[in-house]
Amino acid sequence: MQRVKLDRIDRRILADLQADGRMTNVELARRAGISAPPCLRRVRALEEAGYIKGYHAEIEPHALGFNVTVFAHVGLNSQAEADLRAFEDLVLGWPEVRECHMLAGETDFLLKIVAHDWDDYQRFLTTRLTAAPNISHVKSSLAIRNSKHQPGVPIDVDAGPDAEHE
């Protein structure tokens, strides 16, 4: 994976694709102020360099009957690397868990879990999560509403090349 030095055009492409991954290459090129063929080459280079990890549709959970979102703070009995990896591997097989973050502090992992209803979450909690090996404790926080959901990172299109962090 080669590293690409981002210029203003690359940052504009990243910002626009992050806002709308379905944007056509022609529209993307127009916004970036370049023609379509070099725009496509830049997108491919950004993908190969690892700046663009993928393209996804944003699905409305309620439309598919997922009416409950829970954040579970999970503590493990052991924080040995093999035990941390074993838990992460286990979580990969649970489709209800949409995000898994290892944390520093009192909680070892923060899980974002979706469920059809509270009873559905309780079943997941008692039959899978708390029944998993090495679990010390789980604290559940029910999300009431989501007032901001903005995936990705803030991209300053006009930042100079010295503003990049690596």
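Predicted model: local features only at pLDDT ≥ 70, side-chain atom pairs only at ≥ 80, totals over all residues.
Trainee: Why are helices α1 and α3 called roughly perpendicular?

Mentor: The axes of α1 (residues 8–19) and α3 (residues 36–48) cross at roughly 80°. Angles of 65 to 115 degrees count as roughly perpendicular, so α1 and α3 get that description. Their axes come within 11 Å.

Trainee: Which residues make the contact of α1 with α3?

Mentor: From α1 they are Ile9, Asp10, Ile13, Leu14 and Leu17, and from α3 they are Cys39, Arg42, Val43 and Leu46.

Trainee: What makes α2 roughly perpendicular to α3?

Mentor: The axes of α2 (residues 25–32) and α3 cross at roughly 95° and come within 9 Å. The range for the term is 65 to 115 degrees, so α2 is roughly perpendicular to α3. On the α2 side the contact has Asn25, Leu28 and Ala29, which meet Ala36, Cys39, Leu40 and Val43 of α3. By class this contact has six nonpolar residues, one polar and no charged.

Trainee: How do you know that the buried residues of α3 line one face?

Mentor: The buried residues of α3 are Cys39, Val43 and Leu46. Seen down the axis of α3, they fall within an arc of 65°, so they line one face of the helix. What covers them includes α1 and α2. Pro37, Arg41 and Glu48 are exposed on the other side of α3.

Trainee: How does the reach of α3 compare with what is expected?

Mentor: α3 has 13 residues and reaches 18 Å from first C-alpha to last, close to the 18 Å expected at 1.5 Å a residue. After α3 comes Gly50, with a positive phi near 90°.

Trainee: What is the reach of α4, and what is expected for it?

Mentor: α4 (residues 81–92) has twelve residues and reaches 17 Å between its first and last C-alpha, close to the expected 16 Å.

Trainee: Which residues of α4 are buried, and why are they said to line one face?

Mentor: Leu84, Phe87 and Val91 are the buried residues of α4. Viewed down the axis of α4, they fall within an arc of 65°, so they line one face of the helix. They pack against β1 (68–76), β2 (97–102), β3 (109–115), α5 (118–129) and β4 (135–142). Ala82, Asp89 and Leu92 are exposed on the other side of α4.

Trainee: What is the arc for the buried residues of α5?

Mentor: The buried residues of α5 are Tyr121, Phe124, Leu125 and Leu129. Their arc is 100° seen down the axis of α5, so they line one face of the helix. What covers them includes β1, α4, β2, β3 and β4.

Trainee: Why is Leu64 called exposed?

Mentor: Leu64 has a relative accessible area of 55%. Exposed means over 50%, so Leu64 is exposed. Leu64 is in the loop between α3 and β1 and, leaving out residues up to four places away in sequence, touches Ile59 and His116.

Trainee: Does Ala15 count as buried or exposed?

Mentor: Buried: its relative accessibility is 18%, and the cut-off is under 20%. Ala15 is in helix α1. Beyond four places in sequence, Ala15 touches Ile155 and Val157. Ala15 and Val153 are 138 residues apart in sequence and 8.9 Å apart from C-alpha to C-alpha.

Trainee: What makes Thr107 buried?

Mentor: Its relative accessibility is 14%, and buried means under 20%. Thr107 lies in the loop between β2 and β3. Apart from neighbours within four places in sequence, Thr107 is in contact with His73 and Val74.

Trainee: Why is Asn134 called partly exposed?

Mentor: Asn134 has 22% relative accessibility. Buried is under 20% and exposed is over 50%, so Asn134 counts as partly exposed. Asn134 lies in the loop between α5 and β4 and has a positive phi of about 75° although it is not a glycine.

Technical notes:
Residues numbered from 1 in each chain as written. Heavy atoms only, no water. Axes fitted to C-alpha atoms, helices over the stretch in contact; angles between N-to-C directions. Helix = DSSP H or I, 4+ residues; strand = E, 2+ residues; numbered from the N terminus. Parallel < 35°, antiparallel > 145°, perpendicular 65-115°, else oblique. Contact = heavy atoms within 4.5 Å. Expected span 1.5 Å × (residues − 1). Buried < 20%, exposed > 50% of the residue type's maximum accessible area, 1.4 Å probe, protein only. Arc of directions from axis to C-beta. Nonpolar A, V, L, I, M, F, W, Y, C, P; charged D, E, K, R; others polar.
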